[in-house]
Amino acid sequence: MRTVRANLILCLLLCVIHLPVIAQLQPVYSFQQDDTVLRKNYYDQTIKKKELLLASVGKEYAKDYKAIYDDQFKEIGGFWKSSRAVTSPGIYNYLQSVVQNIISVNPELKGTDARIVFTRDWWPNAVSMGDGSVAINAGLFIFMSSEAELAFIICHELAHYYLGHTPEKIKKYVETINSDAYQAELKRIAKTTYGAGGQLEAFAKSTAFGSHRHSRESEAAADKQAYLFLKRTGYDIGAIRSALEMLDRIDDTSVYKPLNLAQVFNTKEYPFRKKWIEKESAIFAQVNDNSSFTAQEKDSLKTHPDCTKRIALLADSINAATGGKKFMVNENLFSQLKKDLFLEITEECYRAKNLSRNLYYSLLLLQAEENKDIAVYSIARCLNDLFDKQKNHKLGTAVDTESKSFPEDYNLLLRMLERIRLDEMAGLNYAFCNEHAAVMKDFPGFDKELIKAKKSKDQ
Amino acid sequence: MKQRVLAAGLIALTTLCVQAQKLTIENVQKVALRNSDAIKEGTEVKGYYFFYVSDKIDKRTNEYTLQITDNNLKKLKDIKFQDSKDVTILESSFNGTDLIFLFYNEDARTFEYQVYGADGKKKHVYNRELTKKEKRYLAMSYLAVDDEEQTYKGLYPIEGRGFISNMPSREDRDYTFQVDYFSSEKRKQWTFTPTEGGKKLIGDYLGTYNGVVYFEVLKYGGAFDGKPDSYLLGLDLETGRQLFENPTDNAKYRFYPASMSVVSGKAVIFGEYYDPNGNVAKDKSLGFAFIMVDEKGKVVGEKYCSWDLEMGKYLDVSSKGKIADFGYMFVHNIIQTADGSVFAIGEGYKKVASGLGIAANILTGGRGGIASIKIKVTDMILLKFDKDFNIKEAKIYDKNSNSVELPNGYGTVSGPLLGKMVKYTFGEFDYSYSQVNKDNTSFTVCYSDYERGKNYKGGTFNSITYNEGKITTDKIQTKSDASRTAVLPGKQGQVLIMDYYRKAKRLDVHFEKLN
C-alpha cells in the first residue's frame, strides 16, 4: 500500500525471483493468457522513464541518484519482464474499467502515464513503484469485498504517484546522506574508540525515525488525496473504512478455512502420520513475540500498520459522505476474478518454484472443493516435484521454513514437509493419486503424475 | 573448523558494504563475531547462537550481543550486556525448556553459567573460579580441542530440571575431573570432584536415569599406564552424593563403558571388553559387552559378543580383531533405538607401507622424519544387535580411503593404539557426528568422503540413516558452483548447507534433509 516501503517490497520480490523460474507447465486449467505486447510496451515505458529521470538529476550527487535508480529500475524492469503482471485481456480490461472510472472524473489524473495491473503475487499488498507502474497484488484483491474497495486502493496508489512520493523520498535520502551534518556525525562516530556502536545505533534510529515519520505523513497524504479522487467517482466512500479495516486485520485473515492436513492427506492406502506435525520442544517456547510490546509496537509489526489512525484521520469525511455504489463495472465478474486470481497465485507459486506455497494453496482449494480437479492435479505434480527436490538435496530452496508470521495451518504443512522422509513422500503421493485416479482419469497430465508417483514409490 | 567457516560467512555478509567512498552507517559499524555454534538438546540441534562484540565501552569492557535463533535460523532474541573484553562462550545446551550458556573470562579465570527460561528471561547465574593449576590443565585439554564431536566438552541436559557439566580439573596432586549440576528449576548447584592422591582420573558422562547420574571413571596409575582401572560411578542427582563406585572389570574380562541407554526400566551400559591381563592401549578388544545395572550400580544382567564367535559369523574377523580389507574397527558411537536394537558405529583403519616414508628413509639413511608405515583410514561399519544383544547384522559402507603419514617411530605402535591416535592426535577419521531423535526411533550417522569419479570430483557429505527399522544412505556433493560450501549439523536428519558465492557476494543458506 505504501510507496515508501517500495524498497522493502522490492527486496522481497528479489528473494522470490532469485529462485530459478523454469516453468514446466502442464495444461492445468486455461490460465490467463497474458498480452505480451502490452507488457513489452510497459517495459519500454519504464526504461524511457528511467532515462528521463537520470537526465533530470543535476551533476550534484548524480552517482547516488544513478545507483538508486539502477536498483529501482532493475526491479521494475524485472517485474514487467516476469510472468507476475496479469495482462490477459479479461482481467486487465476489468481493472482498466475501474481505473477509467477514477481517471475520467479527476482532472488531475488526465493524461497520466500510470500503468496499473493486477499481479499474481500471493502477498497482500499494492505498490506504486514510482515510475507510474502500479501493482495490485492478487494476494490483496482476494480479500476485497467490493469494487469500491478496489477503487480506493487504486486511488491511494495513484495518489502516491500524483504526489511524487517516491522521487521526493529518493531526493530526501540522497540529500540527507550527503549533508554536512550527517557526514560529520558519521565521521565523528567513526573516530570514536569507545561507545561508537551505541552512538551509531542511536544515530541510525534517529534518522530511521525521521524516515518512518515521513512515511506516515506520505500515507496520510495519499489517503487524503485518494479520498478526493474516490469522492468524484460515485463509488461508496464507506469503502475507505472497510478497505483499511480489512488491511488492519489481514495478517490474521484467511480466505479459506484453515487446512486440516490430517484429513486431506489421509488415505486408506497411506494413513496420515501424526508424527509429521507433532510439536517438539523449542527454545524460548513461552515467548510470545508480541507479549512485551505496546499496542503501538504491535501495530508497527503488521504488514499494514497505522490503519486505525488512517481511518481516524478520514473519519469525518467518510461519515459525511452518503450514497455511492459498491459496484459500478461488474459485480459478478469481480467475484469470479477473485476465484480466478487465487488460481493464478497458486500457479505463479509453482512457476516461481515456491513449492510449499503452491502445495498450501492447492490443498486449500481441494479442501474447499473449489476447482477440485485442478487442485488434485496441482498437488500430485507438486509432491512429485518435492520428491525430486528432496532427493537432490534442493528442497530447502523450494520450501519456506516455519515462521511466527505465517498462518498456523501453513506452519503445520511446512513442519510436515520438513519431517516427511523421501520414501514417505513417494508413498503418500502415490496413495493420494490412486485415491483420485478414477475421477481424474481424463484430466490432462494427471496420468503422467500418477506414473511418476508410482515410479518414485517403487524406487 | 566448520564453525569458523560459518563465522567467516556471516562476517562476509556484514562487510559487503564496506566499499563506499563516503561514510554510511553500514561501513562505520564494526561488529566482530566471537563465537557461534549450534544449541543442542542431547544430539538434536534446537537452535544456534551468535556471540559478537557489538561495541567497545572502555579499555577493559565490551558490549556484547548474544543472538539466539531457532533451528531454522530465525532470530528469537538478542541479549545485550557489558562485560570484560576477555569473555567468550565455551558451551551451550538446552534441556527441553531452559537454555544454558557457559561464559569464560580468560583473564579473570572465571566460568559463568547463565540459565535462561522458556520465557526468554535470565533465571539463574552460577559462578566458578579457576585456580591457575586448573586453568593450565584446561588449556591443555578442554580448551585445546574444538571439534565437531565436542571432545572434552560436556554440558548435558536433564530434561526440564537442569544440566550436568563435566570437565577436566586439578585437585591437590590429582589430574581429575569436576562434575557440576546446575538446576534450571531453582537456584541450586552441587559439585563433585574425585581425588585419589596423585592419580590421573578421566570421567565420562554416560547418562542420568531414575535420579542417578552415571559416569565411567578411568583411573591411571601414571602417565604411561596402559591398564587404567575402570569404574562405574553413580551420583545422586539431587545432592551430588556418591552412591556407588564399582569396578567394571570382573574375573573374566576388563570392560570399558562407552555409552548408556535405558531398556525396560534398567540402565544398560555398552562398551568394548578386553582380556583382564591385556593392555587397553595396545591390545585388541575381545568384543562388545552389554551390562545392565540397577540404581546401586549392581550388575543385574550381562551379555558379551565376541569378535571370534558371534561377530565372526557376519564379518571376516581375524583372531587379532582385524576385519579383512577393513582393518581394525574404531568405535565412534553406540546407539540404542526404541525397539531395543543396538547399533555400534565404527570406522576402519589399517597399517600399510608408506612409499613416501620408505623413500625418505632410504634417502636420508633413516632420518627422514616419516615412518615407513602409514595409516589407511578405510570404510564405515554398522553393527546391529537385537534387544537381547545378539549380533544380527554387520554392514560395511564403502568410502574412499585416505592415508595418514606417521612421524618416525610410530611404525611399531600397535594397531588398536593407532586408532586412538588417528582419532585424538591426528583427527583423521572421516566420521563427523551422529544424531538421535528424542524418541530414539531414528538416528543419522554423518561422515565425509572424497570422490574421484567421471562426473564428479570433490568432497561429499554422507549419511547412514536408521528410521523405524529401515536403513538408508545418502550423499551430498559439497563441491558446487558456489565459491565455498560448508555443511553443518542441522535438525536431526538434516544438515545446514551454506553456499558462499564470492563474485556475487551472496551467502545462500538452506537446510536439506538427509534421505
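Select F389(B). Beyond its neighbours within four places in sequence, F389(B) is in contact with F290(B), K303(B), C305(B) and V342(B). Keep in mind that this is a predicted model.

Stay on F389(B) and look at the backbone around it. The residue sits in the loop between β23 (370-385) and β24 (391-397) of chain B. Is F389(B) buried or exposed? F389(B) counts as buried, because 25 C-beta neighbours lie inside 10 Å and the cut-off is 20 or more. F389(B) and A289(B) are 100 residues apart in sequence, yet 8.6 Å apart in space.

Zoom out to the whole of chain B. Colour by secondary structure: chain B has 5 helices and 32 strands. Colour by burial next: of its 515 residues, 41% are buried. Take the contacts in chain B with a separation of 6 or more: 44% of them join residues 24 or more positions apart.

**Helix pair one**

The axes of α16(A) and α18(A) come within 10 Å and cross at roughly 160 degrees. The angle is over 145 degrees, so α16(A) is roughly antiparallel to α18(A). The crossing of the two helices is left-handed.

Now show side chains in this pair. From α16(A), the contact includes V376(A), Y377(A), I379(A), L383(A) and F387(A). From α18(A), look for L422(A), M425(A), L428(A), F432(A) and H436(A), among others. By class, the contact of α16(A) with α18(A) has 14 nonpolar, 4 polar and 2 charged residues.

**Helix pair two**

Select helix α10 (residues 238-248) and helix α13 (residues 307-320), both in chain A. Their axes lie 10 Å apart, and the packing angle is about 170 degrees. That angle makes α10(A) roughly antiparallel to α13(A). Residues on the α10(A) side include I240(A), R241(A), L244(A) and E245(A). On the α13(A) side, R310(A), I311(A), L314(A) and I318(A) are among them. The contact of α10(A) with α13(A) divides into 7 nonpolar, 2 polar and 4 charged residues.

Go to helix α4 (residues 89-103) of chain A. Its 15 residues reach 20 Å from first C-alpha to last, close to the expected 21 Å. Which residues of α4(A) are buried? Select I91(A), L95(A), V98(A), V99(A), N101(A), I102(A) and I103(A).

**Last stop**

Select G139(A), which lies in helix α5 (residues 138-141) of chain A. G139(A) is buried, with 21 other C-beta atoms within 10 Å. Leaving aside neighbours within four places in sequence, its contacts are D121(A), W122(A), W123(A), P124(A) and I345(A). Finish with one more C-alpha to C-alpha distance, from G139(A) to I154(A). The two are 15 residues apart in sequence and 15 Å apart in space.

How values were computed. Residues numbered from 1 in each chain as written. Chains lettered and ligands numbered in written order. Predicted model: local features only at pLDDT ≥ 70, side-chain atom pairs only at ≥ 80, totals over all residues. Helix = DSSP H or I, 4+ residues; strand = E, 2+ residues; numbered from the N terminus. Buried ≥ 20, exposed ≤ 12 C-beta atoms within 10 Å, placed from the backbone. Contact = placed C-beta atoms within 7 Å. Expected span 1.5 Å × (residues − 1). Axes fitted to C-alpha atoms, helices over the stretch in contact; angles between N-to-C directions. Parallel < 35°, antiparallel > 145°, perpendicular 65-115°, else oblique. Left-handed = near helix turned anticlockwise from the far one by under 90°. Nonpolar A, V, L, I, M, F, W, Y, C, P; charged D, E, K, R; others polar.
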